[in-house]
Amino acid sequence: MTFEFYFVELTDLTITQAHQGLIKKQFSALELAKAFLDRIKKRNKKIFAFLTVCEDLAFSQAKKIDDLVFQKRKIPLLAGIPCAIKDNILVKDVRCTAGSKILENYTAPYDATVTKLLKNQGAIVLGKTNLDEFAIGSSGEYSAFGKTLNPHDLNRVPGGSSSGSAAAVADNLCVFALGSDTGGSIRLPASFCGVVGFKPTYGAVSRFGLIAMASSLDQIGPLAKTVENAKIVFEAISKKDSMDSTSLGTDERFQVSSGHLLEQPARQASFKFQDLVIGIPREYFVRGLKPEIEVKILEAIKKFEKMGAKIKEISLFHTKYALATYYIVVTAEVSANLARYDGIRFGFSKANSKIKNLLDVYLQSREKGFGEEVRRRIMLGTYVLSRGFYEAYYLKAQKVRTLIKEDFNKAFQKVDIILAPTSPTLPFKIGEKMKNPLLIYLSDIFMIAVNLAGLPALSIPCGKVKNLPVGLQIIGKEFQDYKILEIAQALEETCRI
Ligand code: GLN
């Protein structure tokens, strides 16, 4: 038997390479899973990407795939491919903590829809990845169980909140991973760890079985080594689901945006760079964007131009209100969603013989079970929703949210995609911003408008500064997920940026 991959480690393979190896019987699914589990054993002590490793589950899944291969049955592209799942997405019978002490001992009673879809395809679940508590955070430092470190520089943050997923992909601890993005949590860690991260259109992927942070913003998506791999995973998980009323099937996706038909089909066959008009929003190239990052982004834009695309400066006028709007909407929804953790129904509880009244059980469980940043969000959220303040804050924020969305709609009448930096800074040092939460909030500045508008966006590596990765963000029209994936893939293939 020839072994085509003798020159690379099994843990270096992409989805397509691993699939080829499996069907050609160059290695078995068990061997592949074992290679990753061995690497996790060695590396996880250093970077702490995984909170739970599911060795038994992985081996039993892998065995099933090997049986299929042995029987010469055709296997799907994801069959036997080892993946990691952010620990706010349920995997049946596996602990699911959402990075919080309050869910420390919670075991998922069912599979999230995305988990089910991946399992149906035969993907191997290696484990659950670390995250900022309840996906709240941008650096990976807010997990109740310890920080994930950036594999490129162990003194720096990997970005958050899908920190473990991004670090695991970057460090070859899995072939791909799932994350969730409420205000940049897939794209920022993808940018900081030098991998591809894709946040689909709101409604393109079911949220059933995702532990909710802010329901009108949350969206699950892939982190992978290549755009092609992110596309394969997106295709597998993007299905209509009757368990999530916001999830749309492919046909319905033609009819979004106030009843207007989208001009182009959701699934694009191909495109030419010469036909592409790219918008560069002036509000994203402002003070605060580090010059060394701006240089890399401008270089990437030049590459698009060289391939024939037209570049147009555009304005997304209300961008300056996006951060404030986001932090009102997000805190309101966080406070409502996290109200269910009361020390009675889930995980951690302070109930004991010394606490006599029910209110004290609630108060003490929530005080001890939630971390500082989560409590801050709950308090702010309760405040913006309270009588007398609701109109001034929450209602106003919803109106500004509409204006932000309208800015994008107008821009997309003139351009096909928008290019911007993913993050204004390079991955920062661990602890550097912990004293001032506002500085951490600012890391999300170029990503949150996309969530408020429900659009698809992808972060793709576009070079390095001092050996630290820089991410370029590609933003697309609602439900044109495949279009931006295909544009990014073409870019990846024609000139490794
Ligand atoms: N960093 C943002 C926040 O803390 C976004 C989090 C996310 O996308 N889950 O709210």
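Aromatic pairs number 18 in this structure; rings of Phe, Tyr and Trp (its six-membered ring) count as a pair if their centres lie within 6.5 Å, with planes under 30 degrees apart called stacked, over 60 edge-to-face and the rest tilted. The model is a predicted one, in which local features need pLDDT of at least 70 and side-chain atom pairs count only at pLDDT 80 or more, while totals for chains, interfaces and linings use all residues. Residues are numbered from 1 along each chain as its sequence is written, and side-chain values use heavy atoms, with hydrogens and water left out.

Consider Phe273 and Phe304, an edge-to-face pair with 6.0 Å from centre to centre and 65 degrees between the planes. Phe273 lies in the loop between α7 (227-237) and β7 (277-281), and Phe304 in helix α8 (residues 291-306), so the pair ties together parts that are 31 residues apart in sequence. Helices (H or I, at least four residues) and strands (E, at least two) are DSSP runs, numbered from the N terminus. Phe273 is buried at 9% relative accessible area, and Phe304 is buried at 0%. Buried means under 20%, exposed over 50% and partly exposed in between, with a 1.4 Å probe and protein chains only.

I turn to Tyr341 and Phe346. Their ring centres are 5.3 Å apart and their planes meet at 55 degrees, so this pair is tilted. Tyr341 is buried, at 5% relative accessibility, whereas Phe346 is partly exposed, at 23%.

Finally, charges over rings: NZ of Lys or CZ of Arg must be within 6 Å of the ring centre and within 35 degrees of the ring normal. Arg95 lies over the face of Phe145, at 5.7 Å from the ring centre. Lys433 sits over the face of Phe428, at 4.3 Å from that ring's centre.
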